[in-house]
Amino acid sequence: MFKRTIYSEDHEMFRDQVRRFVEAEITPHHATWEKEGRVSREAWRKAGENGLLCAAIPEEFGGAGADFLFSMVVMEELARAGAMGPGFSLHSDIVAPYIFHYGTEELKREWLPKMAAGEAIGAIAMTEPAAGSDVQGIKTTAIRDGDDYIINGQKVFITNGGNCDILILACKTDPSQGAKGTSLILVPADTPGFRKGKLLEKVGWKAQDTAELFFEDVRVPAGNLIGAEGRGFYQLMEQLPQERLLQCVRAAAALEAALDWTVEHVTERKAFGKTIGDFQNTRFKLAEIKSQAVLMRVFTDRCLEMHVAGELDAVDAAMAKMVTSETLCRCLDDLLQMFGGYGYMWEYPIARAWADARVGRIAGGTGEIMREIIGRQVTGGR
């Protein structure tokens, strides 16, 4: 009914390449990675060799010099396969852009080529035990000492935290200044005093190496500052719309995939002498979910167009993130129900998709924070 127009022929050719890569290098190993709690570094290197990482980073820094949509193709194909373990999107479309947009020339040349090749895995560390959506409330400090910063503090729920070779750290360089005292600093994982805690056991995203991170008198050069001192909070706010858009893209692709799995199941599974799909209730539910999936896809593609044109603002991204994450959870719950007891079995992709989706209403800002952002705009800040 609705033909997607956002992607060109080149994007679709790349999609074929990505899909083959996912089928050969990701899907066969994902169950093992779920048991181990992390994706193998070999998979990261192969992703780099095949051009799946840092596609939008210029060629002079090791990337493909392609547009942002090539990265979205990668995200869609991973979501379509139900492969939530590889943190490629955070690495390529959140961490790398911070370095590219705000980092020094030296940092760009040292780290971006390694990230594009899958040789260095990136993470971003914002959340703390007592500061999640309230980024201004972080307590980790980086105090200037001559030509260095000395870092102390703790982070939690950090995506790629177990595998990371570098991380962008949100910290207070001047704790007395609140948001204005927040800065971003690049920390190599082999820096003395930096320690990775245990991999966290989560409800979903079990192949994702989410970890606690600890900093005890970690000394890094002042040149590792990302952008200007005290500008960290504003840099985070500038990049958050893209981070939230990534979740929308993942949600739209995940719902489409889950709908396909369910249609296949209900047209084969029989009960009371006919297929589950022959029951009116099943058809009605599928009709509702199909309509929601199309609405989500059209809305998300429009947000992508706006973002590529530089027109997507924080309120737009908040609306998109809130609606898509909540719609996905609601629809997946109905789709899982159609599988009966099989839907609750981890071996079925619908079960993993259902568990994986729930974090979308928390990560990148909770649904309540999205409502606050939208509500302030609706009331004109009153």
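This is a predicted model: local features need pLDDT of at least 70, side-chain atom pairs count only at pLDDT 80 or more; totals for chains, interfaces and linings use all residues.
Now find helix α6, residues 232-266. Where does α6 bend? The bend is at Gln 239 and comes to about 40°. Within four residues after that point there is a proline, Pro 241. From first C-alpha to last, the 35 residues of α6 reach 50 Å, close to the expected 51 Å. Is α6 mostly covered or mostly uncovered? Mostly covered: 28 of its 35 residues are buried.

Let's go inside next. In soluble globular proteins, nonpolar side chains tend to be buried together. Here the largest nonpolar core has 67 residues, and Met 115, Ile 124, Ile 168 and Leu 304 have the most contacts inside it. Apart from that core lies another, of 25 residues, including Ala 251, Leu 255, Ala 258 and Ile 289. Please click on Met 115 for a moment. If we set aside neighbours within four places in sequence, the partners in contact with Met 115 include Leu 53, His 91, Val 95, Ile 99 and Ile 166.

On to some strands. Strand β2, residues 141-145, pairs with strand β3, residues 148-158, in the antiparallel sense, over 5 bridges. To see how they line up, look at Thr 141, which stands opposite Asn 152 in β3. The two strands form a hairpin with 2 residues between them. In that turn sits Gly 146, with a positive phi of about 65°.

That brings me to two residues worth a look. Most residues other than glycine have a negative phi. Asn 160, however, has a positive phi, near 65°. You will find Asn 160 in the loop between β3 and β4. Is Asn 160 buried or exposed? Its relative accessibility is 0%, so Asn 160 counts as buried. The second residue is Trp 205, whose phi is also positive, near 50°. Trp 205 lies in the loop between β6 and β7. Why does Trp 205 count as buried? Because its relative accessibility is 17%, and buried means under 20%.

Last, the rings. How many aromatic pairs does the structure hold? There are 9. One of them joins Phe 194 and Phe 215, with 5.1 Å centre to centre and 40° between the planes, a tilted arrangement. This pair links distant parts of the chain: Phe 194 belongs to strand β6 and Phe 215 to strand β7, 21 residues apart. Phe 194 is buried because its relative accessibility is 10%, and Phe 215 is buried too, with a relative accessible area of 4%.

Now turn to Tyr 342 and Tyr 348. Their ring centres are 5.6 Å apart and their planes are at 45°, so this pair is tilted. At 36% relative accessibility, Tyr 342 counts as partly exposed. Tyr 348 is partly exposed as well, with a relative accessible area of 24%.

Key
Residues are numbered from 1 along each chain as its sequence is written. Side-chain values use heavy atoms; hydrogens and water are left out. A nonpolar core is a set of buried Ala, Val, Leu, Ile, Met, Phe, Trp, Tyr and Cys residues joined through side-chain atoms within 4.5 Å. Buried means under 20% relative accessible area, exposed over 50%, partly exposed in between (1.4 Å probe, protein chains only). Contact means heavy atoms within 4.5 Å. The expected span of a helix is 1.5 Å times one less than its number of residues. The bend at a residue is the angle between axes fitted to the seven residues ending there and the seven starting there. Two strands pair if DSSP finds at least two bridges between them. Rings of Phe, Tyr and Trp (its six-membered ring) pair if their centres lie within 6.5 Å; planes under 30 degrees apart count as stacked, over 60 as edge-to-face and the rest as tilted.
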